[in-house]
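Colleague: Hi! I'm new to this one, could you walk me through it?
Modeller: Happy to, here it is.
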Amino acid sequence: MDLGIKGKRALVCASSKGLGLGCAEALAQAGVNIVMNARTDGPLQEAAQTLRDRFGVEVVAIAADITSEEGRTKVLEAAGEIDILVNNAGGPPPGMWSDWDRDDFISALDANMLTPIALIKALVPAMMDRGWGRVVNITSQSVKAPIPVLGLSNAARAGLTGYVAGTSRQIAPSGVTMNNILPGIHATDRAVSLDTGVSTQQGISMEEARAAREATIPARRYGTRAEFGATCAFLCSQHAGFIVGQNILLDGGATNATL
Ligand code: NAP
């Protein structure tokens with residue numbers, strides 16, 4: 001399917017690996033020029049070169065912490081005119097509800113709520129002026145069904161979801177759509193670190209930890225970054241202009257709910 005977005009320009013945050021990279025790859029495959037970002041320059045530049053070689057699009061790669069004001073300024077200065085914004089950053093650490101103090105919540109809110117909001121505020125006005133734009137926020141299945149050990153993530157991402165629900169309706173008249181994708185478990189470094197935690201706690205191998213988790217998912221496997229990226233690219237396509245303010249769950253059926 002031709003997504004109809006060839007020649008557009010996308011900022012994909014936190015995209016040297018994992019789900020962000022999947023989004024950058026799928027958008028580049030659709031002919032979109034990419035501004036990529038991650039904190040560590042080496043893997044970021046490698047990923048950028050691979051995209052240029054595979055898809056022949058223009059790729060700008062900016063090493064910066066997207067959750068800091070300084071990092072965002074650096075990325076925005078290099079980004080130029082952006083038609084498509086994919087918001088992403090690392091997730092907060094796990095813990096117990098009673099462990100977290102005010103500073104922990106402020107860090108989680110900064111990374112997973114206030115950073116995407118700052119980028120939306122920086123880039124959406126020009127999209128509205130041009131009469132076309134797409135915003136996709138990578139959140140988590142924990143927005144629909146809480147993951148108790150990820151209370152910081154549950155809280156910050158729910159806050160972003162509330163903001164997006166209202167804001168997406170305010171910007172839609174100008175031809176800018178905004179939606180969230182909610183990943184369940186995907187085969188990325190984040191999944192390796194979650195499985196490592198289970199393996200250590202329960203004294204089982206990594207393979208056993210993964211198999212135990214897969215058994216809880218109706219699809220009986222982890223998602224791939226390619227599947228995730230394809231969904232993101234579709235939401236950014238011309239065909240998705242009537243999809244506004246939605247929360248798209250990609251979890252292999254793991255969240256047991258009718259709606
Ligand atoms: P990942 O494989 O660990 O990749 C994270 C990417 O983000 C890397 O490119 C990393 O590069 C970059 N990054 C992290 N923090 C950053 C920051 N502050 N500024 C700029 N770049 C940053 O993670 P993932 O699995 O793709 O997860 C992406 C998001 O989805 C996370 O918020 C995660 O919590 C959420 N999520 C993932 C899953 C899953 O199963 N994978 C499920 C639910 C939710 P550097 O380290 O070099 O910065």
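Modeller: One term first: a polar contact is a pair of N or O atoms within 3.5 Å; within protein, one must be able to donate a hydrogen and the other to accept it, and residues adjacent in sequence count only if both atoms are side-chain atoms. The model is predicted, so local features need pLDDT of at least 70 and side-chain atom pairs pLDDT 80 or more, while totals for chains, interfaces and linings use all residues. Residues are numbered from 1 along each chain as its sequence is written, and side-chain values use heavy atoms, leaving out hydrogens and water.
Colleague: Thanks! How far is the polar backbone atom of K17 from an oxygen atom of the ligand?
Modeller: That distance is 3.1 Å.
Colleague: Switching topic, what domains is the protein divided into?
Modeller: Domain 1 covers 9-185 + 223-250 and domain 2 covers 187-222, with bounds from an automatic or database domain assignment. Their C-alpha centres are 25 Å apart.
Colleague: How many residues of domain 1 are in contact with domain 2?
Modeller: 10 residues of domain 1 contact 10 of domain 2, where contact means heavy atoms within 4.5 Å.
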